[in-house]
Amino acid sequence: MDSSLEKQRRLHFDLTNVGLRAQATAAGLVRLCIELRDANVLTDDALERIKGAIADDVALTAPRGIPARDYRYEIKDRLDLLFTGTREVGSAEALAFGTEPDR
């Protein structure tokens, strides 16, 4: 198994075991990233790496029948919207079935 994939899996399970899957934690992370970007502390490249790490982790739990790579692209597109701080992302149900989010 690819070592980067193995590291990502370990991080995924560690985060789950610590309870960092909570929506409040995710909301805080998004807000922190937006604030740091707006203060010119966080570069666009750094923000892309953060969103990529989140998308990689979420893609580990892709629903059956949806290729993980396709699911990751959908997640990344939604993260791009979420991290703007100005757009609604749409329902999770739309993501699970591969339809377009409500905008």
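1. The axes of H3 and H4 come within 9 Å of each other and cross at roughly 140°. H3 is therefore oblique to H4, since an angle counts as roughly antiparallel only when it is over 145 degrees. The crossing is right-handed. On the H3 side the contact is made by Glu48, Lys51, Gly52, Ile54, Ala55, Asp56, Val58 and Ala59. H4 contributes Ala68, Tyr71, Arg72, Ile75, Lys76, Leu79 and Asp80. All of this refers to a predicted model.

2. As to the overall fold, the protein has five helices and zero strands, so that the order of elements from the N terminus reads α-α-α-α-α. Of its 103 residues, 24% count as buried. Among contacts between residues at least 6 apart in sequence, 46% join residues at least 24 apart. The protein exposes about 7,200 Å², and carbon and sulfur atoms supply 55% of that area.

3. The largest nonpolar core has twelve residues. They are Val30, Cys33, Ile34, Leu42, Ala46, Leu47, Ala55, Ile66, Tyr71, Ile75, Leu79 and Phe83. Three helices each supply at least two residues of this core: H2 (23-38), H3 (44-59) and H4 (68-82).

4. Phe83 is a member of that core. Leaving aside neighbours within four places in sequence, Phe83 is in contact with Val30, Cys33, Ile34, Arg37, Leu47, Lys51 and Ile54. Val30, Cys33, Ile34 and Leu47 from this list are themselves core residues. Arg37 and Lys51 are also among the contacts of Phe83.

5. Lys76 deserves a look. This lysine lies in helix H4 and has a relative accessible area of 14%. Lys76 counts as buried because that value is under the 20% cut-off. Beyond residues up to four places away in sequence, Lys76 touches Glu48, Lys51, Gly52 and Ala55.

6. Glu48, one of the residues touched by Lys76, is found in helix H3. With a relative accessibility of 36%, Glu48 counts as partly exposed. Apart from neighbours within four places in sequence, Glu48 is in contact with Lys76 and Asp80. Glu48 and Asp80 are 32 residues apart along the chain, and their C-alpha atoms are separated by 8.7 Å.

7. Leu60 is found in the loop between H3 and H4. Its relative accessibility is 26%, and Leu60 counts as partly exposed. Not counting residues up to four places away in sequence, Leu60 touches Leu5, Gln8, Arg9 and His12. For the pair Leu60 and His12, the separation is 48 residues in sequence and 8.4 Å in space, C-alpha to C-alpha.

8. Asn40 has a positive phi of about 60° although it is not a glycine. Most residues other than glycine have a negative phi. Asn40 is found in the loop between H2 and H3. At 69% relative accessibility, Asn40 counts as exposed.

Note on methods:
Residues are numbered from 1 along each chain as its sequence is written. This is a predicted model: local features need pLDDT of at least 70, side-chain atom pairs count only at pLDDT 80 or more; totals for chains, interfaces and linings use all residues. Side-chain values use heavy atoms; hydrogens and water are left out. Helices (H or I, at least four residues) and strands (E, at least two) are DSSP runs, numbered from the N terminus. Buried means under 20% relative accessible area, exposed over 50%, partly exposed in between (1.4 Å probe, protein chains only). Contact means heavy atoms within 4.5 Å. Accessible areas come from the Shrake-Rupley method with a 1.4 Å probe; for residues, only the protein chains shown count as cover. A nonpolar core is a set of buried Ala, Val, Leu, Ile, Met, Phe, Trp, Tyr and Cys residues joined through side-chain atoms within 4.5 Å. Axes are lines fitted to C-alpha atoms, for helices over the stretch in contact, and angles run from 0 to 180 degrees between N-to-C directions. Angles under 35 degrees count as roughly parallel, over 145 as roughly antiparallel, 65 to 115 as roughly perpendicular and the rest as oblique. A crossing is left-handed if the near helix is turned anticlockwise from the far one by less than a right angle, and right-handed if clockwise.
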